[in-house]
Amino acid sequence: MSQQWVFDFDDADPDNRSTLGGKGSGLVRMTRSGLPVPPGFVVSTDACKAHLEVGGDLDPELWVQITSAIKRLESRTAKEFGGAKDPLLVSVRSGAPISMPGMMDTVLNLGMNETSLRGLADMTGDEEFASSTLDRFRSSYLSVVHSVNEPTAADLEWVPDDPWAQLRAVVSSVFRSWNTPRAIAYRRIEGIPNSLGTAAIVQAMVFGNASEDSGTGVVFSRNPATGSPGLWGEYLPQAQGEDVVAGVRTPLPIDHLAVDQPAAFERLSDIARQLEAQARDVQDIEFTIERGVLWILQTRDAKRTGGAAVRIAVDMVEEGVISATEAVNRVTPRQVEEVMHPTVRPLPGVAPLIEGLAASPGGATGVVTLTADRAEALAADGTKVILIRDETNPDDFHGMVAAQAIVTARGGMTSHAAVVARGIGRPAVVGCVDLVVDYDNRRILTPAGSLEEGATVTVDGTLGLVFPGEHPLERSSDGAYLEQLLGWADQQAIVKVRANADTPRDAEVAVKLGAHGIGLCRSEHMFFEPERLAVMRSMILADTEEEWVVALTRLEEYQFDDFVGLFRVLAGRPITIRLLDPPLHEFLPRDDQDRAGDAATYPEGWERRVEQLREANPMLGHRGCRLGITHPSVTAMQSRAIGRAMVASEAEGIDLDVEIMVPLVGSAEEMENQKEIIEREIARLEAEHETSLPVTIGSMIELPRACITAGEIARAAEFFSFGTNDLTQTTLGMSRDDSASFLGPYLELGIRDEDPFVHVDEAVGELIEMAIARGKAARPDLETGVCGEHAGDPESISRFAQYGVDYVSCSPYRVPIARLATAHAANREVHAR
């Protein structure tokens, strides 16, 4: 028996989402629930994949199944496909298993030709409506099948009169739209597998532009921008669905439908509640009203902003719809990151240039850019851009991703610009009716005047405003909802989240954002303020032991004060203090200009001393524990500063959990050397103050040799913290600072699947896993953590959890993202069991 590729709405399994696609699954489920759905059928994702594999025309067996399905549709509707009397017209839409709004193709009114034109005109008594329907079909057909977006009279020759030829070409084109550049780019950003394919949905047409009591729209069962309960959306009287999505007309808020057609509005509200209850998630519903009769064209889980995702998840737990674990799993790290996006604080007295609809929240500043290609090019060079268009379409997607924010003159809250911006987490203002985009002269015209392309503006997507110039941006959170969600995440997580912080102020931010402690305090960062840098330089350039000691003593006092401040903020939370790591020459001036800009006074011959210290490859040079071994007084000074700060903090009644970390260890002997100095200084302070100073001493693991000899190092080290930045560089032989010049081609050619400085490399991961196993074999209670940039990357966090680390430590503003990611990792592990 041949494979079944075509499934009628009333004769399919709605749970077979991978075959039917998300849209097809929703239509089947609604049909089986008795909701008013125009009849139709699904051409499966399997058919798409088979067609794309061989190319050319549709498979003959597939075409037989499609023609049979059309015949069944004719019977159900009592209409003839493309016929002369009451013709059956259909729409053909894409529908992937994972929603990709606006990324693939749709054709409406298929079956229209000169014959059906007369039949439609006779049936409706409206020749203008019939003629408009034919024009819309031809335009849509040429765009999808032949990529003609502004057709001329000559182009109409490409549109066949035969409805069967139309259908064959359009189904093939919808399948091919799976591999358009915009669809591929969207899948790459969203992490959607290329192997899924798309279904093609063939459905009997209903007409929202048929009469005054007709219309079309999109509604959500809850507000997808804020998460607040209640029906939210908009509709257009006397319009077809593509008019709403394309943004060519600005629609009305859905409340207007309650006034214009109260019965249809009430029925729509009931259906929205029913669909949300069935799906246990917020629904995005497309509807059409034809001559007063409501039809539901689609339902799917709604795309939503980060803030909305958080609120909806929390509300649904409180309503008893989902569990706390489901709520945590439904919110993505990127959505939490979006909640953390900055908001605009306009400068006093500065009025907005433009006002529009607040389509996607957040604030951003950048230069005005009028085309997607230019936005992408400028962004690639590091320029922050604001994409401003009349309206956007799927071909603008690459520029929208490159932009900091998006502004359009036309379109509503469910236009292409609005939907895509919310999906990719960009602030957006749409429907700016007083905005004119002058492409010819590369400028925009506003009620307040004109702005040339390249001028700086600030976009407030939360309030729907665009300001001239640059305005302050402040980070914010979604308050109680986010804290509730992250509280549940903390309960579910196994891996703890710490932060990288070097000052009391950074530590305050980290604690406020939920950090369990400080996993990396880079002690050298305490020396970069001008006054302190001058003292550090005077120590390095000292000609005598006496000068060295004087400078070292002053540095100790600076560190003592900073450590006391950190201990106060942390109030018993753990802190891992890394001893001095960079080579000494990094603290010295590079040239006369650098020297002139600093307050320090240098002795004669300082240039010679700089040259003596300069290294050909400083990353692998005289730094880390090597510095402490050749200059043991530096290790001793830092140990005393930490110990003295502990004594002072204990006197204030502050609880302490202090770890001292030795950087760049490659052998057990290096670790033992530095540990002996640290323990000696701590023991002296304990004796002097008749107290106990419980300090844990461990190693930063950032060299392959350290991973291989981890069992030996663990005999001296009480904890490991993996510095994945340098471990990646030393494992791959690849400089993070220089890799940009060749990583792009590597990714394009498939030599590498991902940037190893963003997502932890597989080989680096194996070294970490091996080091943990060997370390714990030597010391079963060995604590392990990660403190590189990868510790803030959700994908890497998932891998670290599998390796068995106890904590990750990231930048303070990444802490909320990491808290959610560690919960996701724990929940996946539980599910896997």
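Me: Hey, looking at Asp315 here: is it buried or exposed?
Reply: Asp315 is buried, because its relative accessible area is 9%, and buried means under 20%. Keep in mind that this is a predicted model.

Me: Which residue does Asp315 form a salt bridge with?
Reply: With Arg311; the closest N and O atoms are 3.2 Å apart. Both residues sit in helix H11, four residues apart, which is about one turn of the helix. Arg311 is partly exposed, at 21% relative accessible area.

Me: How many salt bridges are there in the whole structure?
Reply: A search turns up 45. Side chains of opposite charge can pair when their charged atoms come close.

Me: What about Arg640 and Glu556, how do they meet?
Reply: Their side chains form a salt bridge, at 3.1 Å from N to O. Arg640 is in helix H24 (residues 632-651) and Glu556 is in helix H20 (residues 545-570), so the pair ties together parts that are 84 residues apart in sequence. Glu556 is buried at 7% relative accessible area, while Arg640 is partly exposed at 26%.

Me: And where is Glu681, which forms a salt bridge with Arg640?
Reply: Glu681 is in helix H25 (residues 668-689), 41 residues apart from Arg640. The closest N and O atoms of that pair are 3.6 Å apart. Glu681 counts as buried, at 4% relative accessibility.

Me: Switching topic. Which residues touch the most other members in the largest nonpolar core?
Reply: Leu485 and Phe563, out of 126 residues in that core. Helix H11 (residues 306-318) supplies the largest share, eight residues. There's another core apart from it, with 47 residues, including Leu58 and Phe129.

Me: What is Phe563 in contact with, leaving aside its neighbours within four places in sequence?
Reply: Cys521, Met526, Ile577, Ala641, Ile642 and Ala645.

Me: OK, now the sheet with S10 in it. What order do the strands come in?
Reply: S10-S9-S8-S11-S12, five strands in an open sheet with antiparallel pairing. Strands S10 (252-253) and S12 (293-301) are at the edges with a single partner strand each, so one side of each has no neighbour in the sheet.

Me: How many bridges pair S9 with S10?
Reply: Two, with S9 covering residues 229-237. Glu234 has Pro253 in S10 as its bridge partner.

Me: Last one: which residues make the nonpolar surface patch of about 320 Å²?
Reply: Tyr746, Leu749 and Ile751. Ile751 lies in the loop between helix H29 (740-749) and helix H30 (762-778), and Ile751 counts as exposed at 53% relative accessibility.

Key. Residues are numbered from 1 along each chain as its sequence is written. This is a predicted model: local features need pLDDT of at least 70, side-chain atom pairs count only at pLDDT 80 or more; totals for chains, interfaces and linings use all residues. Side-chain values use heavy atoms; hydrogens and water are left out. Patches are made of residues with over 30% relative accessible area and no salt bridge: like charges are joined within 9 Å, nonpolar side chains (Val, Leu, Ile, Met, Phe, Trp, Tyr) within 5 Å. Accessible areas come from the Shrake-Rupley method with a 1.4 Å probe; for residues, only the protein chains shown count as cover. A salt bridge is a side-chain nitrogen of Lys or Arg within 4 Å of a carboxyl oxygen of Asp or Glu. Buried means under 20% relative accessible area, exposed over 50%, partly exposed in between (1.4 Å probe, protein chains only). A nonpolar core is a set of buried Ala, Val, Leu, Ile, Met, Phe, Trp, Tyr and Cys residues joined through side-chain atoms within 4.5 Å. Contact means heavy atoms within 4.5 Å. Two strands pair if DSSP finds at least two bridges between them.
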